[in-house]
Amino acid sequence: MNLESINIWCWLIPILVGVLCAIFGYLLGKGGNTPLDNSELIELKNQNAKLEADLAACNKKVAAESLAMVSSEIPFNKSAAKAAMGKNVKLDDLKIVEGIGPKIEGLFHNYDIKTWKALSKTTVSKCQQVLDSGGDRYKVHDPASWPMQAKMCYEGKWKELNKWQVEHKHGKL
């Protein structure tokens, strides 16, 4: 055997193996694909159209509900608040909540909690986190009832709030 003939076989064998693999791969791939018949295609298009219609209806419903939520904001009745609480009440004044003073209100404002609605949706642990940010002098305060009181303010339940505050001095549950 000549060294040149071995060199040809080193090139020829991989090329032949590659060509054969390509042919077999093509044949296997071509044989595995069965085209969809027309009835299956029509059925899939109908299912797709139904799903798109359902999605559009769902989006419309969500948009209507969000619009209803925006328009269902509870108006602030200043005279009812004054009658029940015995003093002037300003809209979204967090100090009306038993236990919150001007400095604690400032802490809440630093956390972008500036309305009764925002405070009513705040967890007690978040309220405690806000207090902890003020330092050790705020450790005596108990924020457990603050979200509930803020919800009463937001919903305009002034008589219930006043009654609750009278029964629970210092805002403790």
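Residues are numbered from 1 along each chain as its sequence is written. Because the model is predicted, local features need pLDDT of at least 70 and side-chain atom pairs count only at pLDDT 80 or more, while totals for chains, interfaces and linings use all residues; side-chain values use heavy atoms, with hydrogens and water left out.

The protein has eight helices and zero strands. Helices (H or I, at least four residues) and strands (E, at least two) are DSSP runs, numbered from the N terminus. Along the sequence the pattern is α-α-α-α-α-α-α-α. Of the 173 residues, 21% are buried. Buried means under 20% relative accessible area, exposed over 50%, and partly exposed in between (1.4 Å probe, protein chains only). Contact means heavy atoms within 4.5 Å. Among contacts between residues at least 6 apart in sequence, 51% join residues at least 24 apart.

The largest nonpolar core holds 26 residues. Such a core is a set of buried Ala, Val, Leu, Ile, Met, Phe, Trp, Tyr and Cys residues joined through side-chain atoms within 4.5 Å. Ile-96, Ile-100, Phe-108, Trp-116, Leu-119 and Trp-158 touch the most other members. Two or more residues of this core come from each of helix 3 (78-85), helix 4 (102-110), helix 5, helix 6 (124-132), helix 7 and helix 8 (158-167). Helix 7 gives the most, with five residues. Beyond its neighbours within four places in sequence, Ile-96 is in contact with Met-85, Lys-87, Val-89, Trp-116, Cys-153, Trp-158 and Gln-165.

Helix 4 buries Ile-104, Glu-105, Leu-107 and Phe-108. Seen down the axis of helix 4, these buried residues fall within an arc of 155°, so they line one face of the helix. The arc is that of the directions from the helix axis to the C-beta atoms. An α-helix has 3.6 residues a turn, so residues three or four places apart point the same way. The face of helix 4 turned away from the buried side carries the exposed residues Pro-102, Lys-103 and Asn-110. Helix 5, helix 6 and helix 7 are among the elements that cover the buried residues of helix 4.

In helix 6, the buried residues are Cys-127, Val-130 and Leu-131. Down the axis of helix 6 they fall within an arc of 100°, so they too line one face of the helix. Their cover includes helix 4, helix 5 and helix 7.

Two loop aspartates have positive phi. Asp-92 lies in the loop between helix 3 and helix 4. Its phi is near 60°, a positive value in a residue other than glycine. At 22% relative accessibility, Asp-92 counts as partly exposed. Asp-112 lies in the loop between helix 4 and helix 5. Phi of Asp-112 is also positive, near 60°. Asp-112 is exposed, with a relative accessible area of 58%.

On a 1 Å grid over the protein atoms alone, a pocket is an open set of points where a 1.4 Å probe fits, with protein on both sides within 12 Å along at least five of seven lines; lining residues have an atom within 4 Å of a point. The lining comprises 15 residues, with Ile-74, Pro-75, Phe-76, Leu-91 and Tyr-154 nearest the centre. Helix 5 (116-120) and helix 7 (146-155) each supply at least two lining residues.
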